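Visitor: Please take me through one part of this model closely. I would like to look at the salt bridges.

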Amino acid sequence: MKDTKHNYELVVVFNPKTDEKDKEKNLKKITEWMTGNLAEVTKNEHLGIKDLVYKISDLDKGDFYVLQLSAEKPLKLKEFNLFLNREPSIIRYLIIKK
């Protein structure tokens, strides 16, 4: 039988000046959004502060997190993009379907 899981990888780049409480709060919001959409965060990895190739909002560094996601059905990525765009501490993100 074919595996019906939909797997994604999400890379989130936070403003490096954002305090840890806000980052954890935003990561919790992402996890809650996933749970509400029948998905789960299977892995959460903090890569640390890294140099950006180009400036984003006058920032030359970003705090990187990589999340592995697994869902029963395809995610509504337009809604998820709106959700991530509304967070001021997230300066960039990338969602890849595996």
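Guide: Here are the salt bridges, pair by pair. This is a predicted model, where local features need pLDDT of at least 70, side-chain atom pairs count only at pLDDT 80 or more, and totals for chains, interfaces and linings use all residues. Residues are numbered from 1 along each chain as its sequence is written, and side-chain values use heavy atoms, leaving out hydrogens and water.

A salt bridge here is a side-chain nitrogen of Lys or Arg within 4 Å of a carboxyl oxygen of Asp or Glu. By this rule there are seven salt bridges.

Take Lys-23 and Glu-20. Their side chains meet at 3.6 Å, N to O. Both residues lie in helix α1, three residues apart, about one turn of the helix. Helices (H or I, at least four residues) and strands (E, at least two) are DSSP runs, numbered from the N terminus. An α-helix has 3.6 residues a turn, so residues three or four places apart point the same way.

Lys-23 is buried, at 2% relative accessible area. Glu-20 is partly exposed, at 44%. Buried means under 20%, exposed over 50%, and partly exposed in between (1.4 Å probe, protein chains only).

Next, Lys-61 and Asp-51 form a salt bridge at 2.5 Å, N to O. Lys-61 sits in strand β3 (residues 59-71) and Asp-51 in strand β2 (residues 39-56), so the pair ties together parts 10 residues apart in sequence. Lys-61 is partly exposed, at 37%. Asp-51 counts as exposed, at 56%.

Salt bridges with shared partners also join Glu-20, Lys-23 and Asp-63 into one network.
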